[in-house]
Amino acid sequence: MKKFIEFIFIIIVPWIIILWIVFTFTRDKDRNYYPTKDIVIKHDTVPVDHSKFAVLQKKFETPQDVTKTCLTCHNGRGKEFIRTPHWLWKQKDTIPGRGIFDLGKRDLLNDFCIGVNSNENLCSMCHAGYGYSNKNFDFHNQNNIDCLVCHDNTGTYHKSNPCLGSNNPKAGLPALGTNLTNVAQHVGETHKNNCGSCHFTGGGGNNVKHGDLELGLLQCTRDFDVHMASKGENAKNLRCEDCHKTENHNITGHLYSVASSANNRVTCEECHTDRPHKSKLLNNHFKIIACQTCHIPVYAKGFHTKIIWDWSTATKMDKNGKPIFDKDLPGNTYAYDGKTYHNVQLQYDSRHGTAVFQKDVKPEYVWFNGTANHHLLHDKIADTTHPLILNPLFGSYHDNVEPGDPRHPSKIWPVKVMRGKQPYDPVNMLLIQPKLASRIKGSGALWADYNWEASCETGMKYIGLPYSGHYAFLKTESMWLLNHEVSPSGKALQCADCHNTNNSRLKNLTGFYLPGRDHSSVLDISGVIFIILILLGVIIHGTLRIVSNKKNH
Amino acid sequence: MKRVLIYKRYERFWHWTQALLILLLALTGFEVHGVYHIFGYQEAVFVHRNLAWAFIILIVFSQFWNMVTGEWRQYIPSTKMLKAQIEYYITGIFRQAPHPTRKTVYNKFNPLQRLTYLGLRVLIIPVMVFSGLLYMYYTYFVNQQVVHDLRPIAYFHTIGAFLLLGFVVVHVYLTTTGHKPLSAIKAMITGWEEMSNEDAEVALEENLEVAMVQTRKGISGKGSIEKEGMFETAFEDVVEKLGIETESTRLRARLIDSNVGYFRINKDGIYEEVNDAWLNLYKCTNKKDVIGSHVTLDRTPEGKKQIMKLVNTVLNGGTITGERVERVCKDGSIGYHTVSATSYKDKNGNILGLEGFIIDITHQVEAERALEKKITSQYKSDDFYQLVSASNDVGYFRIGKDGFYQEVNDTWLELYKYGSKDEIIGKHYSLSRTKDDFIALKNSVDRVLKGETIPFGITRRYCKDGSVGYHHITMTPVYKGDDIVGFEGFIVDKTDKKLAEE
């Protein structure tokens, strides 16, 4: 009895105490934890009623009249605005290791509609101005600023889409039938739908381009986007400028498909600080993982986004010799560059080629240190065997371990990789700026003539770069860092999503050791063999003992 | 088959706690490694971290314990018998050859174990702890130009994990090589290891030997007498062999303090060293009078013969435990003690002499002898009364046939906490009993009154102040002529023992 009590106290009680402590104790509390509920968002309000202003009590014939009137009171704002990228479509930016360049939509090619040049009439339907129809546009004429597209609070102001019919105005003018007087009398702060009118539909339709910016954000729940949610429980209904803080028309935020340095960025920690988790372990992850990585587990939650655009199939006609428009193709898989994409929608259009769309896409992950390179117009293509990355993101694990610049430590970021095949000049080794948009046959526009040669020649001539007369198609990729459609904390990635042997989200990121994902197979196999040998030895030894024991008795 | 105390309480606590921690660390660790899914990755990580800290705390405690108790010496590697031990596991074990080494409380590990455990302690565990801490706090080091890559840290940690796992397998298997397959595990749980009689004997002797060495060091000033933990454990074994029950630490401590005499005699039979307790027992005051004299000096003729026989036994390599010996004290009085002795050797194993303990049992022997005498003289001698009633160690009482106290001695009064004899003489013996105790005692008394002598029954007493005590009681009839007129006896206090038991 005494021994039993001793056994209980010496062995069982310590076991129970230790098990209890080990399974319940959490040492992992961050003392500097900054809870989300402490964040306060302040909105400015416009204290005036524009509908009462005398200067606005007239019928405006042209949108430029409206701008002129705006500038009579808001003098200086025009000067301010014509310096911004929303107007210039370019800005001076530094590419680390290369120098300072004018970067922007105007001078960079992408793998959606490739480039603005020679297509301004169409592209400028998203330009915050009027009449940007060719490269001779006067970027100093303040009267061409489109104030209304951003400040319309009626919801009735839209830019004209020239694709909808030949009578629709081009080059960023308002749609036919817009009541300019009414809009001008109801201007105010910028709302989601103002920004969204361009940013949600870039690339030719809802969510085509970014993947994390779509019309669904205007009316969504927290599951869709915790910040912009306007429906359902605990909807914060943030506006774009709550994060993209704006002063003097300089809107913060940086899109690395047109920018390269780490300036003017909007970051999560501006509101959330770098200790937003109760768990210290999670906060420490912030040193090498961007918030977005865990908190944007999927993007394109509402609408399909374009993930592959193969221009090489464009210009094919149907059996009657007529062009095919927006034809859905059968099947839901697509093989591209050695990989098969599942659950996709395929579309063919003689103007565009083949497009692949996907919904609820899992991001890809890259090391990113806040800076990017760009394939500039005159950059030669060095390697045609691998996809050309149009905006390579700088960063690597070692950039984090040994940061050359401590302000730019690399982190793992989620990214939408847009893939495609686009025309290039295999002789001059330059990417080609084709002329695409025009209704006039013989203008060289691909969408009028369905002739790549004419399109390439016209486009290259327009930008003043040589064209050899030969074109081919090059696989390209562009990187779209994901920042929106942040999921609620409960839907964020869990440890095992990355710390996982078979199916880690980070399986393509190598060069560093990730617990739970990585192991040395040599070491593991040696270890298992070691244990097996020991077990065998023990079994043989034990058996021999039993046998010899029986013999001796 | 006998059982010998091998593992102390702390060691058992430590071993099983460590076992639990290592197994859970392995279970969660290999989950973090991505081998399987049991707890879930997150839970596995946090539990693994907590376990790691628990383990580190346990290591700190245990190393402290090893240091202060001197147990660290058990990990000093030794090549002595190493080959024999390896040969035993390779061949001897299949021939049912005896273990080449024996497990004692002072030498728990065979040379192979010493080497393995030392390796664990200085290599595997530190590597695991160090790499584990780096792993845990990697993010704090990573930008400090100290550590650039988690990979080597993780690999070292994994290698250590495999080695530990291998150790556990072999370790568990080797527990079955004891006296019986489960002996070693039982020993780790209870502290007492089952051994063959022969092994137990040797283990006991070795324990005794080490106790001697410790005592010698203490007395000669070369070591510290603070090694009492070791001393007492050895002593516990020894006195158990002697038949003295020593469950109570206090009782044992009292024995050690009071009347455990230490002596060392060279091979010529000359005293080399004795302690103060020894001197007290022999009623000597000056150590110098004793040292240098021959062991047979103060003996009765039979005593001389007996002591030389014992001395020769030990000098020939034997061990004596609990032998009763008569002594003649300095003042001429005769005392009795038990002697346990073993030989001590030089580095080459030559016997230099013997050393041992003596434990005084004079009062016990005297009381027994008087009782014997009384019985042999057909219960008519007064010697018993005279001897026992004068004793300071045992309480004497005489009770009439009717159950009323007739006589008690001072020791009895002391045990019952009475001030004077007047308070008790003339009272009935049921006075200080509960009803149940009285009925039990009355049964015994009835038997004594019919002429029996009942030795060493244990009984409970209620003292005058209400406290409870326990004693051994021996009762024998009192005759007048041929008629039994009452009974008398002696009580020996066992309160400490009884309380310890409870």
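What is the mean pLDDT of chain B, and what percentage of its residues reach 70 or more? Chain B has a mean pLDDT of 74, with 72% of its residues at 70 or more; pLDDT is the predictor's confidence in each residue, from 0 to 100. This is a predicted model, in which local features need pLDDT of at least 70, side-chain atom pairs count only at pLDDT 80 or more, and totals for chains, interfaces and linings use all residues. Residues are numbered from 1 along each chain as its sequence is written, while chains are lettered from A and ligands numbered from 1 in the order in which they are written.

Let's stay with chain B for a moment. Over residues 215-234 of chain B, pLDDT stays under 50, and the model has 28 contacts beyond four places in sequence for them. Two residues are in contact if their C-beta atoms, placed from the backbone, lie within 7 Å.

Now look at two helices of chain B. Two packed helices are described by the angle between their axes and the distance between the axes. The axes of H1(B) (residues 9-32) and H2(B) (residues 41-69) come within 9 Å and cross at roughly 150°; axes are lines fitted to C-alpha atoms, for helices over the stretch in contact, and angles run from 0 to 180 degrees between N-to-C directions. H1(B) and H2(B) are therefore roughly antiparallel, the word for angles over 145 degrees. Residues that meet include B:Trp14 and B:Leu21 in H1(B), and B:Leu51 and B:Phe55 in H2(B).

How do the chains meet? In this model, 41 residues of chain A are in contact with 39 residues of chain B. On the side of chain A that touches chain B, the largest share, 13 residues, comes from H17(A).

Finally, visit two residues in loops of chain A. A:Ala171, between helix H6 (148-151) and helix H7 (180-185), has a positive phi of about 60° although it is not a glycine. A:Glu485, between strand S15 (472-481) and H16 of chain A, also has a positive phi of about 60° without being a glycine. A:Ala171 is buried, with 22 other C-beta atoms within 10 Å; buried means 20 or more other C-beta atoms within 10 Å of a residue's own, placed from the backbone. A:Glu485 counts as buried with 29 C-beta neighbours inside 10 Å.

Methods: Helix = DSSP H or I, 4+ residues; strand = E, 2+ residues; numbered from the N terminus. Buried ≥ 20, exposed ≤ 12 C-beta atoms within 10 Å, placed from the backbone. Parallel < 35°, antiparallel > 145°, perpendicular 65-115°, else oblique.
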